Amino acid sequence: MWAGPPKNHYSQMVYENGEPCWQGGSRTTTVTLTCGTETALRLVKEPSKCQYIMDFETPVACQPVLKQRGVHSEL
């Protein structure tokens with residue numbers, strides 16, 4: 001599920017109800033997408049049991065330059 005702030009809603013994903021965790025509960029993961037020149041997993045943390053935080057860098061997360069409507073360019 002997308003869970004970023006209103007101005008950048010697609011900057012964070014939350015995965016809940018994952019595989020069962022040792023001694024009960026289910027795994028959850030929060031993935032934050034940040035702008036970068038390469039696609040790479042930059043950080044993984046487990047701040048509490050079976051709750052994971054990941055920082056993922058990708059050019060896809062960079063804010064696009066608004067294009068004029070009807071203008072199309074190709075190489």
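What is the volume of the largest pocket? In this predicted model, for which local features need pLDDT of at least 70, side-chain atom pairs count only at pLDDT 80 or more and totals for chains, interfaces and linings use all residues, the largest pocket has a volume of about 160 Å³. Residues are numbered from 1 along each chain as its sequence is written, and side-chain values use heavy atoms, with hydrogens and water left out.

A pocket is defined on a 1 Å grid over the protein atoms alone as an open set of points where a 1.4 Å probe fits, with protein on both sides within 12 Å along at least five of seven lines, and its lining residues have an atom within 4 Å of a point. Grid points are joined across faces, edges and corners, and the volume is the space filled by probe spheres set on the points. The lining of the largest pocket comprises 11 residues, and Asn-8, Tyr-10, Val-60, Ala-61 and Gln-63 are those that lie nearest its centre. By class, the lining contains seven nonpolar residues, four polar residues and no charged ones, where Ala, Val, Leu, Ile, Met, Phe, Trp, Tyr, Cys and Pro count as nonpolar, Asp, Glu, Lys and Arg as charged, and the others, Gly among them, as polar.

Apart from neighbours within four places in sequence, Tyr-10 is in contact with Trp-2 and Leu-33, a contact being heavy atoms within 4.5 Å.

The secondary structure consists of zero helices and four strands, and the order of elements from the N terminus on is β-β-β-β. These assignments are DSSP runs numbered from the N terminus, with helices (H or I) of at least four residues and strands (E) of at least two. Buried residues make up 17% of the 75 residues in the chain, and, among contacts between residues at least 6 apart in sequence, 19% join residues at least 24 apart.

The count of disulfides comes to two, with a disulfide taken as a pair of cysteine sulfur atoms within 2.5 Å. Cys-21 is joined to Cys-50 with an S to S distance of 1.4 Å, and this link is right-handed, with 50° about the S-S bond. Because Cys-21 lies in the loop between strand S1 (12-15) and strand S2 (28-35), and Cys-50 in the loop between strand S3 (40-48) and strand S4 (51-58), the pair ties together parts that are 29 residues apart in sequence. Cys-21 counts as buried at 8% relative accessibility, and Cys-50 is also buried, with a relative accessible area of 6%.

The other disulfide joins Cys-35 to Cys-62, with an S to S distance of 1.9 Å, and is right-handed, with 85° about the S-S bond. Since Cys-35 lies in strand S2 and Cys-62 in the segment after S4, this pair ties together parts that are 27 residues apart in sequence. Cys-35 counts as partly exposed at 48% relative accessibility, and Cys-62 is partly exposed, with a relative accessible area of 24%. When the bonded cysteines of the chain are numbered in sequence order, the pairing is 1-3, 2-4.

Within strand S4, Glu-57 counts as buried, at 17% relative accessibility. The side chains of Glu-57 and Arg-42 are joined by a polar contact of 3.1 Å, which denotes a pair of N or O atoms within 3.5 Å; within protein, one must be able to donate a hydrogen and the other to accept it, and residues adjacent in sequence count only if both atoms are side-chain atoms. Leaving aside neighbours within four places in sequence, the residues in contact with Glu-57 include Cys-35, Thr-37 and Arg-42.

Positive phi values are found at Asn-17, with about 60° although Asn-17 is not a glycine, and at Cys-50, with about 65° although Cys-50 is likewise not a glycine. Asn-17 is placed in the loop between S1 and S2 and is exposed, with a relative accessible area of 68%, whereas Cys-50 is found in the loop between S3 and S4.

Conventions:
Buried means under 20% relative accessible area, exposed over 50%, partly exposed in between (1.4 Å probe, protein chains only).
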